[in-house]
Amino acid sequence: MDQYSERARFVDAHWAKLVQRVKMVMPIADELRSGGMLEYELYSKIKAANTNQEKMRELYEVLHSGGDKVKSAFYSSLEKHEPSLFRELGSTGHHTHSEKTHSSEISSVIHKYMKRICSEYQYVTEYNSLPGEHVLLSERFTQPLILQKHRDRIEREEEIRSSGESLQQVLSSRSSADSVHLNSLFDPDDHGISPSSVILQGNSGNGKSFTVQKIMMDWASGDLYKGRFGIVFHLKCKEINRISGEKSLVEILSCSCSLTSHEISQILQQSPEKVLVVIDGFDELKLTQDINDPSAHTDLLQKAPPVDTLCALLRGRILPESFLLVSSRSTATDTLSKLLKGPQCFSEIVGFSEKGVEEYFQKFFQNEERSREAYTYVKANKTLITACSIPVVCWIICTTIQERFKYGANKTSGLETTTSIYVDFVCTLLEHHFQGLSQSVPTLLKSLGQLAERGMLEQQVLLDEKSVNETISDPAGNPFLCKFLFKRRIYQETMFSFMHLSFQEFFTALYYVLLDEEESQRKLARTLLMNNFSKPRFADVVQFAFGLLNKDVRLTLEKHGLFIHPKTQAHLKEWILEKVEGGPVFQEAVFFVLHCLYELHEEDFVKEAMGSWKGIYLDGESLSRTDVCALLYCCQCCQSFQQISGLCLTSEDFSMILPELHKLKKASLTIDGPSDSDLCELIYALTRGQTLSAQCVCEPTYRSLFLSISKEPSSIHMAIFLHPHPDLRSFRLTFPHSEIINIDWTRLFQIIEQRDSEALLSFLHSFSNLEKMEIEVECLTEMLSVWTLQMTQKCPSLTELT
């Protein structure tokens with residue numbers, strides 16, 4: 001090691017003491033400036049600092065950026081101007097020998113600490129874990145979308161209002177330029193300035209604590225910040241609130257990890273610029289003093305109330321050379337920013353992208369087939385896939401589906417309603433994300449509902465600060481609200497919102513059903529009048545209201561002291577009975593009614609409401625997966641259905657509804673891109689002793705195939721229309737029930753798809769028991785004439801040929 005390096009190591013090892021004890025800062029700075037190692041601008045900053053400690057902290061920036069040569073010059077000047085302190089700290093030769101031994105001991109301590117972190121942080125305990133239960137962090141953590149950008153008001157509104165694919169397009173446009181990975185949180189900005197502090201903002205349930213655990217785990221494993229941070233400490237504000245008495249920073253850090261106060265003190269003094277302190281949950285910190293109070297202490301070992309000590313660390317008064325990463329909800333970010341030392345970097349966990357949701361499902365289920373099945377179902381539900389951007393909601397949905405798989409039930413049988421998922425999410429936040437409720441749960445949720453209703457009536461998703469403060473007690477501590485700062489000319493404007501428009505709709509519905517009987521009916525009546533069954537304005541609010549009437553949902557709410565008046569339930573049910581009396585409503589409102597009944601999920605009431613419905617008549621528009629689920633559920637409950645017409649399905653949706661088709665006497669449907677097996681399944685299901693009188697499958701864009709099947713007591717009639725086709729337009733067949741088993745339908749559909757007329761005619765020869773046949777052709781060719789004569793000879797049972 002050369003002289004420069006030896007002297008630099010001495011300065012680094014004793015920097016914490018030097019900050020506190022060097023008095024002759026300006027003479028040292030003068031020498032460095034005269035030696036060309038200190039620019040005038042930095043020299044002026046040092047001179048302007050109020051205390052020697054602050055001057056030394058400014059000087060450290062010069063030493064850190066100047067490297068070993070500048071540190072060596074500082075070493076020489078220190079020896080000249082602070083001889084007593086210099087002798088106390090030890091000569092260079094003696095220090096170098098002891099330093100090596102000391103450094104080796106510290107390295108051993110840190111290595112053991114890292115192993116301990118790896119052992120402890122590899123597991124996560126979930127909200128529903130039983131004693132001793134845990135899962136691997138690697139089986140749960142998925143990198144959330146993190147943006148290093150403040151979005152303006154228009155961008156925020158777009159994110160809150162968008163859902164399904166449109167939300168993913170919005171997030172994709174944001175992430176293309178502004179998303180970051182965990183390993184780049186401390187990277188220099190566009191001006192080349194590296195942050196000393198990083199704010200990691202995120203809504204409740206967005207995975208801030210999980211992300212912090214992942215950072216700790218990856219650092220300890222050597223996969224993150226290798227060479228950048230020699231040690232990373234993890235402090236939880238929730239735990240700091242519970243520490244009694246007065247504590248120094250060293251003691252607080254010791255409380256949070258396996259190291260002793262002495263070991264921590266040695267580590268911090270050796271290389272403070274290699275220290276990262278991760279502080280999780282600043283919004284939960286119970287601040288007890290004015291954050292601008294300048295009287296906070298500056299010594300590592302000085303004792304004070306734990307919150308005061310932490311604030312001194314955040315300000316940079318203690319351990320100023322260290323780096324900080326602080327997670328917080330948006331409601332406390334502005335307070336944190338005023339308190340936190342600079343330079344700062346703002347990052348926000350937005351949640352999961354569509355790719356992130358899919359990856360989470362894969363990790364959760366650890367089974368490709370099951371994860372694909374579950375993800376496909378959820379993706380098709382616009383409300384659920386939107387809510388899945390919130391990691392906690394993603395976990396709730398996966399947990400619910402996994403339970404269905406575990407007991408061999410259909411994957412959706414336990415995932416009954418969207419409302420039930422939202423209620424589970426609300427209960428999770430109430431139990432795990434609230435600190436010391438100052439009011440009862442019913443009062444809290446009613447005030448949230450009142451705020452949500454105001455936004456709905458005014459058609460606003462961004463709510464002004466005055467309205468929020470008038471309605472909500474302690475909005476900063478409310479995990480259901482988000483807080484945003486926007487630039488408005490030369491001022492800042494504070495706005496609030498719910499996590500998404502769907503949560504605003506949910507809380508509005510919850511507010512309506514939790515009011516007293518008279519007020520509830522008055523507000524519901526006004527809302528229901530807005531739903532004129534053409535295009536309901538508050539359709540989702542009404543659907544949530546019906547979902548809240550569900551028996552299981554009501555039992556969950558009652559555990560939190562939330563009760564829905566029986567007359568409120570009766571009022572909603574009477575309204576929908578009145579609207580559907582006499583049969584199905586017109587096209588625009590069919591699925592609104594079905595969704596209300598689906599969310600209610602009360603079989604007897606569905607039968608009562610739809611008892612007079614003989615069928616549903618649609619106009620052939622494509623259906624969403626949620627539409628199909630609602631239709632399927634109501635068909636299962638109501639046996640009076642006899643006909644569905646104009647139904648347009650994907651191949652996957654067709655597979656879901658196929659088991660129910662045999663209950664119908666007539667149905668017409670379009671399948672988008674059916675496979676051969678889809679068509680075969682349909683034919684076999686509908687012709688094995690079922691009561692179907694007419695069935696159509698139309699798929700004009702892929703196969704140009706229109707298939708119609710009808711049944712009589714002894715015969716089956718089948719018509720296949722092939723337009724456009726080079727020779728044949730259609731053929732109609734009539735044959736006995738028994739013939740159906742002998743027909744190779746897969747081969748028939750393959751021939752149709754290939755448009756091979758000769759092969760098709762040859763295949764029809766195998767129908768030896770045909771009773772009637774009609775073939776429509778472009779023109780009667782010699783080949784067709786010969787084939788016709790052959791068919792009359794081949795099929796003695798053929799009584800009619802057209």
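Where is the place of Asp474? I began my notes on this predicted model with that residue, and I found Asp474 in the loop between α22, which covers 465-471, and β10. I looked up its backbone next, and phi of Asp474 is near 55 degrees, a positive value in a residue that is not a glycine. I then checked accessibility: Asp474 has a relative accessible area of 48%, so I noted the residue as partly exposed.

**Entry on Tyr225**

I looked for another positive phi and came to Tyr225, where the angle is about 60 degrees although the residue is not a glycine. Tyr225 sits in the loop between α10 (208-220) and β5 (231-236). Is Tyr225 buried or exposed? Its relative accessibility is 7%, and because buried means under 20%, I wrote Tyr225 down as buried.

**Entry on Pro343**

I turned to the peptide bonds and recorded a cis bond that joins Gly342 and Pro343, with omega about 0 degrees. When I traced where Pro343 belongs, I placed it in the loop between α15 (333-339) and β8 (344-351).

**Entry on the sheet**

I followed β10 into its sheet, which is open, has 3 strands in the order β9-β11-β10, and shows antiparallel pairing. Which strands stand at the edges? They are β9 (463-464) and β10 (481-488), and each has a single partner strand, so one side of each is left without a neighbour in the sheet. I then looked at how β10 is held to β11, residues 491-498, and noted 8 bridges between these antiparallel strands. One pairing I wrote out by residue is that of Arg488, whose bridge partner in β11 is Tyr491. I also checked what lies across the sheet, and found helix α21 (residues 441-457) across β9, β10 and β11, running at about 110 degrees to β11.

I then listed who meets whom: from α30 come Arg625, Val628, Cys629, Leu631, Leu632 and Gln636, and from α31 come Glu652, Asp653, Met656, Ile657 and Glu660. What classes of residue make up the contact of α30 with α31? I noted 6 nonpolar, 1 polar and 4 charged residues.

Note on methods: Residues numbered from 1 in each chain as written. Predicted model: local features only at pLDDT ≥ 70, side-chain atom pairs only at ≥ 80, totals over all residues. Heavy atoms only, no water. Contact = heavy atoms within 4.5 Å. Helix = DSSP H or I, 4+ residues; strand = E, 2+ residues; numbered from the N terminus. Nonpolar A, V, L, I, M, F, W, Y, C, P; charged D, E, K, R; others polar. Pairing = 2+ DSSP bridges. Axes fitted to C-alpha atoms, helices over the stretch in contact; angles between N-to-C directions. Buried < 20%, exposed > 50% of the residue type's maximum accessible area, 1.4 Å probe, protein only.
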